[in-house]
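Colleague: I am new to this structure and would like to learn how to read its contacts, one feature after another. Could you give me the general idea each time, and then the case at hand?

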There are 2 protein chains.
Amino acid sequence: MKIRAKIKDAGLKATPQRRLVYEIMQKLQHAPIDEVADEAQAAVPGINVSTVYRIMESFCEAGLLSKINHPNGKTYFDITTSEHHHIINEAGNVTDIEDAELTELIKERLKDKIGEGQIIEKISIQIITSEK
Amino acid sequence: MKIRAKIKDAGLKATPQRRLVYEIMQKLQHAPIDEVADEAQAAVPGINVSTVYRIMESFCEAGLLSKINHPNGKTYFDITTSEHHHIINEAGNVTDIEDAELTELIKERLKDKIGEGQIIEKISIQIITSEK
DNA sequence: GTGTCTGCAAAGAATTTGCAAAGAC
DNA sequence: GTCTTTGCAAATTCTTTGCAGACAC
């Protein structure tokens with residue numbers, strides 16, 4: 001689907017800044033805001049960091065992106081929005097792992113360990129790797 | 001073991017500030033720095049926030065505490081240092097789950113998905129819960 | 001046209017750092 | 001006594017906000 005259509009389908013106006021940010025995220029797959037902002041500013045000098053923040057946030061709310069809890073403290077964003085897991089290496093680079101069966105298995109195993117009256121919203125596994 | 005001994009065994013000097021911070025962490029189990037700092041300042045008015053930051057950091061390096069990737073962006077610390085998992089509820093409160101067998105199972109299942117020449121440093125599952 | 005979005009500059013959180021005095025061992 | 005740690009204030013880094021003009025539809 002074209003970027004313009006994706007953004008509009010998500011209920012947002014397809015501004016040039018949003019189209020650019022989405023395109024950058026399609027390329028990067030996973031990235032912290034400052035990296036996206038740098039790429040954006042390289043492409044279109046006028047674009048502002050706060051705009052990028054607002055766009056990333058609106059994309060998350062609209063279901064176009066998801067957030068990653070990254071060990072380096074910065075907020076990372078992910079072009080993949082379906083339930084999945086992450087491998088994070090020493091450099092902080094993120095790789096996706098899709099394994100719905102595993103997610104289901106964990107959910108089943110831990111479902112009675114969560115509090116009374118609570119439901120599981122999301123399960124995410126982080127695998128931190130280092131050089132052998 | 002006494003707090004003083006724990007700190008010294010970890011190779012750090014057992015200053016009053018460190019003993020206090022460790023005691024607070026034993027009570028809270030999981031907490032962000034500002035909460036620890038508030039508790040510390042309530043107990044001993046002179047203690048400084050930057051000191052608490054430095055203490056938490058030194059405790060992590062010394063293996064007395066571990067860091068938690070918390071979805072609210074702040075760094076949370078955990079008195080438990082052995083491999084384990086977390087349930088995080090809507091309020092941001094953290095609960096531990098110990099399940100070494102599950103960790104092993106996941107490790108076995110995903111070991112060939114990590115990159116060439118890499119080893120798994122750590123596996124952590126986060127379960128985000130919400131009200132039913 | 002109208003309501004949303006952007007740029008800018010300023011404010012606000014969270015965290016770090018430099019340095020001199022204080023304290024642990 | 002020596003080397004580490006602390007307190008303080010200032011600097012950095014990351015993120016959010018207010019507002020006026022610009023733009024999507």
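Modeller: Let us begin with the salt bridge, which is a side-chain nitrogen of Lys or Arg within 4 Å of a carboxyl oxygen of Asp or Glu. Please keep in mind that this is a predicted model, in which local features need pLDDT of at least 70 and side-chain atom pairs count only at pLDDT 80 or more, while totals for chains, interfaces and linings use all residues; side-chain values use heavy atoms, with hydrogens and water left out. Residues are numbered from 1 along each chain as its sequence is written, and chains are lettered from A, with ligands numbered from 1, in the order in which they are written.

Colleague: How many salt bridges does the rule find across the interface of chain A and chain B?

Modeller: The rule finds 4 salt bridges there. One of the pairs joined by a salt bridge is Glu101(B) with Arg109(A), whose closest N and O atoms are 3.4 Å apart.

Colleague: How should I read the extent of such an interface, and what area is buried between chain A and chain B?

Modeller: The size of an interface is often given as the accessible area lost when the parts come together. Buried area here is the accessible area (1.4 Å probe) that two parts lose on being put together, summed over both. Between chain A and chain B about 3200 Å² is buried, and carbon and sulfur atoms give 54% of that area. Asn69(A), Arg109(A) and Gln118(A) supply 17% of what chain A buries against chain B, more than any other three residues. If we count contacts instead (heavy atoms within 4.5 Å), 33 residues of chain A meet 33 residues of chain B.

Colleague: How many residue pairs are in polar contact between chain A and chain B, and which elements of chain A give two or more residues to the side that touches chain B?

Modeller: A polar contact is a pair of N or O atoms within 3.5 Å; within protein, one must be able to donate a hydrogen and the other to accept it, and residues adjacent in sequence count only if both atoms are side-chain atoms. Between chain A and chain B there are 18 residue pairs in polar contact, both residues being at pLDDT 80 or more. The elements in question are helix H5 (100-110) and strand S6 (118-131) of chain A, and S6(A) provides the largest share of that side, 14 residues. Helices (H or I, at least four residues) and strands (E, at least two) are DSSP runs, numbered from the N terminus.

Colleague: What is the division of that side of chain A into nonpolar, polar and charged residues?

Modeller: Ala, Val, Leu, Ile, Met, Phe, Trp, Tyr, Cys and Pro count as nonpolar, Asp, Glu, Lys and Arg as charged, and the others, Gly among them, as polar. The side of chain A that touches chain B has 14 nonpolar, 10 polar and 9 charged residues.

Colleague: Within chain A, which domains are there, and how many of their residues are in contact?

Modeller: Domain bounds come from an automatic or database domain assignment, and chain A is divided into domain 1 (3-78) and domain 2 (85-128). Their centres, taken over C-alpha atoms, are separated by 24 Å, and 8 residues of domain 1 of chain A are in contact with 9 residues of domain 2 of chain A. These two domains bury about 590 Å² between them, 53% of it on carbon and sulfur atoms, and the count of salt bridges between them is 0.

Colleague: Turning to the DNA, which residues come nearest to DNA strand D?

Modeller: A residue is near a strand if one of its heavy atoms lies within 4 Å of it. Of the 21 residues around DNA strand D, those that come nearest are Tyr53(A), Thr15(B), Gln17(B), Arg18(B) and Thr51(B). A polar side-chain atom of Tyr53(A) lies 2.7 Å from a phosphate oxygen of DNA strand D, and for Thr15(B) the corresponding distance to a phosphate oxygen is 2.8 Å. H4(B) gives the most to the surface near DNA strand D, with 4 residues.

Colleague: And which residues come nearest to DNA strand C?

Modeller: Of the 21 residues around DNA strand C, they are Thr15(A), Gln17(A), Arg18(A), Thr51(A) and Tyr53(B).
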